[in-house]
Structure formats: C-alpha cells, structure tokens
Amino acid sequence: MEPILQFTDVTLIYHTKHGETPATENLTFSVNEGEFVAFIGPSGCGKTTLLSLAAGLIKPSDGTVESRGTFGYMLQKDELFPWRTIEKNIFLPLEIKKQNTEENRRKAVALAEKYGLKDFLKSYPSQLSGGMRQRAALIRTLATDPDILLLDEPFSALDYQTRLNVTEDVSNIIRSEGKTAVLITHDISEAISLADRVFVLSARPARVTSSHPMDFDDVVNPLKRRETPQFSAWFELLWKELNA
C-alpha cells in the first residue's frame, strides 16, 4: 500500500542573522491511509515544524515530503472566534476555501449534530465548556473533509479530567470518520492511548529514533487502553527511549 504521507531524508535548516539552525536532519517516516500516528520527543525538538513540513507551509532544505491528500490542522487552543456562533465558526473553513455552499454547510451541520453539538450550534464559544469547544474545533477542521488531520498538541490547554474525556471524543470522531491523523504531543500516555503507531524523535535536529506499533489486541478506546497491562509496559519503554 502506498503511504498517504511520506517523509524521505528531510532536512530543514533555518537561516538567521546569527547563522544556521538545523531543525530536522534526514527525517524519514511514512503514514498509511486511515492510520493514527503520534510523535513524541524532547521539548524544542521540532515537532511542530514536522507538521508545518507535512502541510507544505514550509519547504525542506533537502529531502522530499510527499502526500496524497488534503490537510486539516487542529491547534493547541480551539481558536474559536468569540463573536461567531459555534455554527458560524464551523462554517469558517468553508468560507476561507470558497466552499461555502448550501450542501457543504448542511454536511457540516450534520457532522456537528452527529457528534453532540446539535443543541449548541447557536451558542457562542464562551457558553461552552473547554471540552465542548475542542469538539467544535475538531468539527470545524473536518468541515472541508480533509484526508489527513494534523493535531498540534490539541489537548494541552485542558485540565486533566477534561483532557481524558476529550481524547476519547476526538479518537471516536476521527476513527468513525476514517481519517488519517498525525498527532504531536509531549504526553507519553496520550500517545499510547490514542495512536496505532508511536514515533520517537531525537533532540533537535529531529530524526526518528524508533517506531512502535501499539499492540492492544484491537482495543482503540483511549480510556480502556489505559486499563490494560500493556499500557504501563509501553510507558516504561517510551520513557526510557525519550530519556536515553
């Protein structure tokens, strides 16, 4: 099967007045269609840069980035516009991409209703909990029907209890919609509970030091994964690799 996203020997060097700063070096990995992958690595290693490269927002200094789909980007904060209703926020990508047709709006509303936002479409972001706002942000990302979701630590601004609930929501929505997802996170537990595969990145300049398929006997629910015997074993292994 041809990967939907492929990095091959990707090197990125930032040029500043103080000299050159390597961000990635010979970064190589692939992501299959429908796969949920997570990247963990030391702080400042270039995880967000990886997503920018994937989306084509920046070009590599060397190597190639190839993709076979469109992208949706979900940020650390929900970034919902406070003066727009949830419905109008969800329509925003359609407006930006000039896809704001009645049919596309109807599909976006149907998606929001399917995943629990029916009673909140006319509400404003300030009237929703952090978890519901993040769910709305994901539906907004899905409104243009992207093939690949890029998730830039989308739960980091939430408190721990809300974070657990929202990761379950997000996992369910992404898997139900059959989307490919690329998550970057500092949270080892989050990566283990959500991903089909976890990649470990080195310190800057980032390169892949290891890749692990998460074997949970077909358990995909994040909370149920945390209850399995494999969970602690994976956590210990990945902790050691990050701190090697």
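In this predicted model, strand 1 (residues 5-16) runs antiparallel to strand 4, and the two are joined over five bridges. One point of reference along this pairing is phenylalanine 7, which stands opposite valine 65 in strand 4. Strands of a sheet pair through backbone hydrogen bonds, and the pairing is either parallel or antiparallel.

How much of helix 1 is buried? Seven of its nine residues are, so helix 1 is largely enclosed by the rest of the structure. The buried residues are Lys47, Thr49, Leu50, Leu51, Ser52, Leu53 and Ala54. Glycine 56 follows helix 1, and its phi is positive, near 80°.

A further set of strands can be followed from strand 7 (residues 180-184). Strand 7 is mostly covered, with five of its five residues buried. In a regular strand the side chains alternate between the two faces of the sheet. In strand 7, Thr180, Val182 and Ile184 point one way, while Ala181 and Leu183 point the other way, and all are buried.

Strand 7 has parallel pairings with strand 3 and with strand 6. With strand 3 (residues 36-40) the pairing extends over four bridges, and here alanine 38 stands opposite leucine 183 of strand 7. With strand 6 (residues 148-152) there are five bridges, and leucine 149 is placed opposite alanine 181 of strand 7.

The remaining part of this account concerns helices. Two packed helices are described by the angle between their axes and by the distance between the axes. Helix 4 (residues 130-142) and helix 5 (residues 160-176) have axes that come within 10 Å and cross at roughly 25°. That angle is under 35 degrees, which means that helix 4 is roughly parallel to helix 5. The crossing of helix 4 with helix 5 is right-handed.

Which residues of helix 4 and helix 5 meet? From helix 4 they are Gly131, Gln134, Arg135, Leu138, Ile139 and Leu142, and from helix 5 they are Thr162, Val166, Asp169, Val170, Ile173 and Ile174. By type, the residues of this contact between helix 4 and helix 5 divide into seven nonpolar, three polar and two charged.

Helix 4 also packs with helix 2 (residues 86-96), at an angle of about 35° and with the axes 7 Å apart. Helix 2 passes helix 4 in a right-handed crossing. On the side of helix 2 the contact is made by Ile86, Asn89, Ile90 and Pro93, and on the side of helix 4 by Ala136, Ile139 and Arg140. The residues of this contact between helix 2 and helix 4 comprise five nonpolar, one polar and one charged. Ile139 of helix 4 takes part in the contact with helix 5 and in the contact with helix 2.

Notes
Residues are numbered from 1 along each chain as its sequence is written. This is a predicted model: local features need pLDDT of at least 70, side-chain atom pairs count only at pLDDT 80 or more; totals for chains, interfaces and linings use all residues. Side-chain values use heavy atoms; hydrogens and water are left out. Axes are lines fitted to C-alpha atoms, for helices over the stretch in contact, and angles run from 0 to 180 degrees between N-to-C directions. Angles under 35 degrees count as roughly parallel, over 145 as roughly antiparallel, 65 to 115 as roughly perpendicular and the rest as oblique. A crossing is left-handed if the near helix is turned anticlockwise from the far one by less than a right angle, and right-handed if clockwise. Contact means heavy atoms within 4.5 Å. Ala, Val, Leu, Ile, Met, Phe, Trp, Tyr, Cys and Pro count as nonpolar, Asp, Glu, Lys and Arg as charged, and the others, Gly among them, as polar. Two strands pair if DSSP finds at least two bridges between them. Buried means under 20% relative accessible area, exposed over 50%, partly exposed in between (1.4 Å probe, protein chains only).
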